[in-house]
Amino acid sequence: MAIRVTLDRILLDRRMSLTDLSEKVGVTLANLSILKTGKAKAIRFSTLNALCRVLDCQPGELLTYEPSEDDALEEAADQAAE
Amino acid sequence: MKALGKGSIASLLKVGLLIAEIVFWICLGVLALAAVGYSAVLGLVLSGTIEIDFPLDGPWENLMWQLALPAFIVGAFWLGGAIVIVRRLRRLFESFTSGEPFKRENANHLRVIWMTMLAMELAKIAFAGIVITLIAIYGMPADPDHDVNLNMSSDGFDLMPWFSILVLIVLAEVFREGARLREEQELTI
């Protein structure tokens, strides 16, 4: 997946731990960890809303699009399967 | 009647499937013993060690080796397939009762079940073909006092097992897609 979540950098800038963020946002530590490590398949707008509110940032600062060759191959394979 | 829990449909079916599996295993054991016994007797008769003289009518017709040997093989194959299906159904039921029906393994269980059913239906057709071929090659024992009638007619081609296989193919794909959506939903934050 080419979408990258830059939670690490923002937490560092805000000097906040993942545990603090989890308590303020209302998302479990396990789920935030999934998000941080790029294993998430989707994010709800409500979660994105809560993250931006707590971290005082824009969605574009939290999420970036960085396509790689592997992602292009994966997408081509998905389209061929459809 | 409740869907889950003690005394529910699921628990009754679970017990039923367990009993069915035990019965199929017993039948397979009996069939294996019968096949070994029949082969031993046939071997002794063909080698001339013993002589068996019985009238070729009624149930004795079916003991002719052209019918009996393919019947043993196809019977063993059919019982083996039935055991595979029942075991997979039991595993499916375990996941239903645990509250997680849409797992990738369940799609695989359904796929194995429809493939096994397809093989069993093809085995039935193969059985008829093998018997006819063996009779054509080796003929049937001649008895001047008795005409052996072999009735191989059926009531017509039964489409129901084939429809069941089609239903299972579709169900397997439904479960596969369901498992995919569930995995995606689990990884939605």
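1. In this predicted model, chain A and chain B bury about 730 Å² between them, and carbon and sulfur atoms give 65% of that area. On the side of chain A, the residues that lose the most area to chain B are A:Lys41, A:Ala42 and A:Arg44, which together make up 57% of what that side buries. The size of an interface is often given as the accessible area lost when the parts come together.

2. The contact draws eleven residues from chain A and five residues from chain B. Between the two chains there are five residue pairs in polar contact, both residues of each pair being at pLDDT 80 or more. Helix α3 of chain A (residues 29–36) supplies the largest share of the side that touches chain B, namely three residues. By residue class, that side of chain A comprises six nonpolar, two polar and three charged residues. The number of salt bridges found across the interface of chain A and chain B is zero.

3. In soluble globular proteins, nonpolar side chains tend to be buried together.

4. The surroundings of A:Leu7 may be listed individually. With residues up to four places away in sequence not counted, A:Leu7 touches A:Leu18, A:Leu21, A:Leu32, A:Lys36, A:Leu55 and A:Leu62.

5. Is A:Ser22 buried or exposed? The residue lies in helix α2 of chain A. A:Ser22 counts as buried because its relative accessibility is 13%, and the cut-off for buried is under 20%. Leaving aside neighbours within four places in sequence, the contacts of A:Ser22 are with A:Val27, A:Thr28, A:Leu29 and A:Leu32.

6. Finally, the fold of chain B. Its secondary structure consists of four helices and zero strands, in the order α-α-α-α along the sequence. Chain B has 189 residues, of which 25% count as buried. Among the contacts in chain B with a separation of 6 or more, 78% are between residues 24 or more positions apart.

Technical notes
Residues numbered from 1 in each chain as written. Chains lettered and ligands numbered in written order. Predicted model: local features only at pLDDT ≥ 70, side-chain atom pairs only at ≥ 80, totals over all residues. Heavy atoms only, no water. Contact = heavy atoms within 4.5 Å. Buried area = accessible area lost by both parts, 1.4 Å probe. Salt bridge = Lys/Arg side-chain N within 4 Å of Asp/Glu carboxyl O. Polar contact = N/O pair within 3.5 Å; in protein donor to acceptor, adjacent residues only side chain to side chain. Helix = DSSP H or I, 4+ residues; strand = E, 2+ residues; numbered from the N terminus. Nonpolar A, V, L, I, M, F, W, Y, C, P; charged D, E, K, R; others polar. Buried < 20%, exposed > 50% of the residue type's maximum accessible area, 1.4 Å probe, protein only.
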